[in-house]
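The paragraphs below go through the bonded pairs one by one.

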Amino acid sequence: MAAAMLSAGLATACDSGSSEEPSDPAMMDDEQLRELDLRAARHGVASLDGNPAFVHVGNLFAYTPPLVGEIDPTDADAIRRQAVAVAHTRLAITFAVIGCTADLQTDEDTTITVDLQGCRLALWELDADVRAVARVEMSPCEAGECAERVVWEMDVGELKSGLIGFPKSGYVGGIDIGAPIDPEERMSWATQPGFAIETDDGLRFDTLSTADWLVYGEDNCVELNMGARLSLEEREDELDELLGDIVISARGIERCPGECATAGDVQLSSGAGHVLRWTHNGDETLTIEAPGGRQLELTPPCAEQQRSIRDR
């Protein structure tokens, strides 16, 4: 729901500035429209491609109740310290199991810092320079105010991830990771102003986004909902200028490591409300629905990764 609301609001913001664009899609011929749509789709797919790996990093900060005894749900300080202890232990064990050398520090109260290079997590490789500070959000309950979730305010100096042997996607800036106290609820993130995504093909987008997700199954597959506004930092030509900001709503995206998404719907809006839609089904080619009943085909980065894995 949060992702859909963000997308709706951001779409309105994008439309309000559309009169400043240098051209009008209505004046373009079919070939020009095709190039415009393919550019928008490539930008959107590239920005989404690294999110499953990012989710796995975020999941390391999930809240886990103590195995022995109980913590008073109204004691925010105790719950925060428990969250910090659990996340620090989980990170340390994960790094030890996968043979990753990391500089991992904590003050045992609010803060964890992580500094590592070339760390392998499942099929992903990770570089990170992150400082995470925990706080507890409370909500009304029978006892007064009870802990609802732990929020990790992350200062990301560097966070790069990618399938082993392939270029990495990168993230830099502020992002809040929400870890609910109730294990049945979904993890979430919300980026802060100035947060940027660096795609594996060298593009950099200023990004405002929210998302919620879960990780499931023995293969650590991801199910993700996301809403985002992307602003390309360096626009190379008139097509990029015409696209302006790109607004994405992605719902029910399911993807396992090393595979393309097998489910999920995406809507992308660019320029003066120019809308593209596609559905993931595991194929190595995306079929994109464009205005006027036109259809486009695009090969996403995951397809090349799948072929490489099969050839190993």
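**Disulfides and burial**

C256 is buried, with a relative accessible area of 16%, where buried means under 20% relative accessible area, exposed means over 50% and partly exposed lies in between, as computed with a 1.4 Å probe on protein chains only. A disulfide, that is, a pair of cysteine sulfur atoms within 2.5 Å, joins C256 to C221, with an S to S distance of 1.9 Å. The pair links distant parts of the chain, 35 residues apart, since C221 lies in strand β9 (residues 221–232) and C256 in the loop between β10 (246–255) and β11 (263–270); helices (H or I, at least four residues) and strands (E, at least two) are DSSP runs, numbered from the N terminus. The partner C221 is buried as well, at a relative accessible area of 6%, and the torsion about the S-S bond of C221 and C256 is about 100°, so the disulfide is right-handed.

Some conventions apply throughout. This is a predicted model, in which local features need pLDDT of at least 70 and side-chain atom pairs count only at pLDDT 80 or more, whereas totals for chains, interfaces and linings use all residues. Residues are numbered from 1 along each chain as its sequence is written, and side-chain values use heavy atoms, with hydrogens and water left out.

The loop between β10 and β11 also holds C260, which forms a disulfide with C302 at an S to S distance of 2.0 Å. With C302 placed in helix α6 (residues 301–311), this pair again links distant parts of the chain, 42 residues apart. The link of C260 and C302 is right-handed, with 105° about the S-S bond. Both ends count as buried, C260 at 2% relative accessibility and C302 at 6%.

What is the handedness of the link of C100 and C119? With -140° about the S-S bond, the link of C100 and C119 is left-handed. The pair links distant parts of the chain, 19 residues apart, C100 being in the loop between α4 (76–97) and β1 (102–106) and C119 in strand β2 (residues 111–121). Their sulfur atoms are 2.4 Å apart, and with regard to accessibility C100 is buried at a relative accessible area of 13%, while C119 counts as buried at 1%.

Taken over the model, the count by the sulfur distance rule comes to four disulfides. When the bonded cysteines of the protein chain are numbered in sequence order, the pairing reads 1-2, 3-4, 5-6, 7-8.
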